[in-house]
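Colleague: I'd like to find my way around this protein. Could you take a few questions while we look at it together?

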Amino acid sequence: MAKAENIVAAFDFDGTLTRRDTLLAFLLHLAGPWRLLGNALILSPTLLGYVLKLIPNGVAKERVLRRFLRGMPSEQLQRYGAEFAARGIPRLLRPAAMQRLAWHRSQGHLCVVVSASIEDYVAPWAQAAGFDAVFATRLARDGDARLTGYYDGENCYGAEKVRRLQPLLAQVGGSELYAYGDSRGDRELLALADHAWYKTMPEEV
């Protein structure tokens, strides 16, 4: 049996800690309803291609982010992210997932979020919630600290989740991994885990 400090609990964010995807809610907070609707119409070919599985998840998301965020000052995005973390995310949380997080924390386990969602709102929420580390999708900035609309590195999805988590697991050493996810983007993370839950939370705490 691993010691508590060698046990890692890795939670997906959208659909696992929350009841649904958070990107739309964040863009609504950032842009307002009319700009959201206008951009959605412009992006409709991309959105349709994603629904029909003709455009990969990461490509479609990057096009959406580019439309909404390109040219925005970094500090402005961080402000929107902090506001959404404080006021938007709490309304979307799953009580069962938060209870499971509380159990892991009470056991002294290392708790992390591993998410394809945007780091600028996931990180401030996760830090306030008591997580020890956050691995999420980073957005690139240009030389003037403005958003380019592109990823900084890879979309934290699928195999990228495992790649981002592995240095922490190596640092902990001999770790036992609990993982929680709800979608195809979590398959590799769940396959890596010693204890994996897909779309459910354990009843016992």
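Colleague: Let's start with L69: is it buried or exposed?

Modeller: This is a predicted model, so local features need pLDDT of at least 70 and side-chain atom pairs count only at pLDDT 80 or more, while totals for chains, interfaces and linings use all residues. Residues are numbered from 1 along each chain as its sequence is written, and side-chain values use heavy atoms, with hydrogens and water left out. Buried means under 20% relative accessible area, exposed over 50% and partly exposed in between, with a 1.4 Å probe and protein chains only. L69 has a relative accessible area of 1%, so L69 counts as buried.

Colleague: Which helix is L69 found in?

Modeller: Helices are DSSP runs of H or I with at least four residues, strands are runs of E with at least two, and both are numbered from the N terminus. One run covers residues 57-69 and has 13 residues. Its buried residues include G58, V64 and F68. L69 belongs to that helix, α4.

Colleague: Which residues is L69 in contact with, leaving aside its neighbours within four places in sequence?

Modeller: Contact means heavy atoms within 4.5 Å. The C-alpha atoms of L69 and Y150 are separated by 9.2 Å, though the two are 81 residues apart along the chain. With those sequence neighbours left aside, the contacts of L69 are L30, L77, L139 and L147.

Colleague: How many residues has the largest nonpolar core?

Modeller: A nonpolar core is a set of buried Ala, Val, Leu, Ile, Met, Phe, Trp, Tyr and Cys residues joined through side-chain atoms within 4.5 Å. In soluble globular proteins, nonpolar side chains tend to be buried together. Here F26, L69, Y121, W125 and F131 have the most contacts inside the largest core, and its residue count is 45.

Colleague: What is the order of the strands in the open sheet?

Modeller: Two strands pair if DSSP finds at least two bridges between them. Strand β1 (residues 7-11) and strand β6 (residues 176-181) pair in the parallel sense over 5 bridges, and V8 stands opposite L177 in β6. The open sheet has 5 strands with parallel pairing, in the order β3-β2-β1-β6-β7.

Colleague: And which are the edge strands?

Modeller: Strands of a sheet pair through backbone hydrogen bonds, either parallel or antiparallel. An edge strand here pairs on one side only. That picks out β3 (133-137) and β7 (195-198).

Note on methods. Expected span 1.5 Å × (residues − 1).
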